Amino acid sequence: MSLFITFEGGEGSGKSTQSRILYEKLAGLTLPAILTHEPGGTSLGSQLKNWLKWIDDKDIPPLTELLLFNASRSQLITEVIRPNLKSHKVVISDRYADSTIAYQGYGRGLDLATVKAVNDIATQRLKPDLTVLLDIPVNDGFTRKKGDKHDRFEQETLAFHQRVRKGFLKLAQQEPSRWLVIDATQSKDKIAQIIWQRVNQCLTIGR
Ligand code: TMP
């Protein structure tokens, strides 16, 4: 059975850790699964990711950013997501289109209808069956992030990241059946257990 699961959240929310834990759990049960991430996940996407995160030019207009994230997404969907869903795998993506609504829409202030329209073109309206939101207060997330090299998004203001967090929570509120919102200040094991409970449900009784 194919299943499309995405992980969303702000900086330092633990998405990458939890998506990997879920992937390893499925692999351990010999359930066919793949783990991918956005931006990136393809050769073109990796280059776009590099630009989007590390380019020195601070004056990338939000609309350009919106298009670049969606270019990376379109490639990932064609090369990785659709073919794997077609061969009945569980596809796990660390970020997907909801990140664009939260970051470019709520964070950068682009018109939400425009963001959704561009997302719809890139995704061809392919929606996740389940989206896990790891919700964490902005300051707690940043405290968790190690290292002193900060990308273009990590360098953004606290207010920007607070808008992003609010955006994610709003999206979850609008579509409660798709979203699983988890308090990401809980322990790694507890969070993994909550996620597994829900995924197991999806796998056994369908979506
Ligand atoms: P990450 O690899 O640490 O998740 O970094 C990706 C960064 O890009 C993160 O700060 C969120 C941001 N982002 C957007 O602004 N829009 C998007 O559509 C996606 C997928 C990510």
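This is a predicted model: local features need pLDDT of at least 70, side-chain atom pairs count only at pLDDT 80 or more; totals for chains, interfaces and linings use all residues.
How do the axes of helix α3 and helix α5 cross? I'll get to that in a moment.

Residues are numbered from 1 along each chain as its sequence is written, and side-chain values use heavy atoms, with hydrogens and water left out.

Now the helices. Helices here are DSSP runs of H or I, at least four residues, numbered from the N terminus. Take α3, residues 62–86, and α5, residues 112–123. Their axes come within 8 Å and cross at roughly 30°. An axis is a line fitted to C-alpha atoms over the stretch in contact, and angles run from 0 to 180 degrees between N-to-C directions. So α3 is roughly parallel to α5. The cut-offs: under 35 degrees is roughly parallel, over 145 roughly antiparallel, 65 to 115 roughly perpendicular, and the rest oblique. The crossing of α3 and α5 is right-handed. Right-handed means the near helix is turned clockwise from the far one by less than a right angle; anticlockwise is left-handed.

Who touches whom? Contact means heavy atoms within 4.5 Å. On the α3 side, the residues include L66, L67, N70 and R73. On the α5 side, they include T114, V115, V118 and N119.

Next, α4 and α5. These axes come within 10 Å and cross at roughly 150°. That makes α4 roughly antiparallel to α5. This crossing is right-handed too. From α4, the contact uses A97, T100, I101, Q104, G105 and Y106. From α5, it uses L112, V115, K116, N119 and T123.

The axes come within 8 Å and cross at roughly 130°. The two helices are therefore oblique to each other. Again, α4 passes α7 in a right-handed crossing. Y103 is among the α4 residues in this contact. F160 and F168 are among those from α7.

Rings of Phe, Tyr and Trp (its six-membered ring) pair if their centres lie within 6.5 Å; planes under 30 degrees apart are stacked, over 60 edge-to-face, and the rest tilted. The count is 5 aromatic pairs. One of them is Y103 with F160, a tilted pair at 6.1 Å centre to centre, with 55° between the planes. Y103 sits in α4, residues 97–107, and F160 in α7, residues 158–174. They are 57 residues apart. Both are buried, meaning under 20% relative accessible area, with exposed over 50% and partly exposed in between (1.4 Å probe, protein chains only).

Y103 also pairs with F168. This one is edge-to-face: 6.2 Å between centres, 75° between planes. Y103 is in α4 and F168 in α7, so the pair ties together parts 65 residues apart in sequence. F168 is buried, like Y103. Zoom out, and F69, Y103, F153, F160 and F168 form one aromatic cluster.

Two arginines sit over rings. The rule: NZ of Lys or CZ of Arg within 6 Å of the ring centre and within 35 degrees of the ring normal. R152 lies over the face of F153, at 5.3 Å from the ring centre. R73 lies over the face of Y96, at 5.8 Å.

Last stop: N200, in helix α8, residues 188–205. At 32% relative accessibility, N200 counts as partly exposed. N200 and L26 are 174 residues apart in sequence, yet 9.8 Å apart in space, C-alpha to C-alpha.
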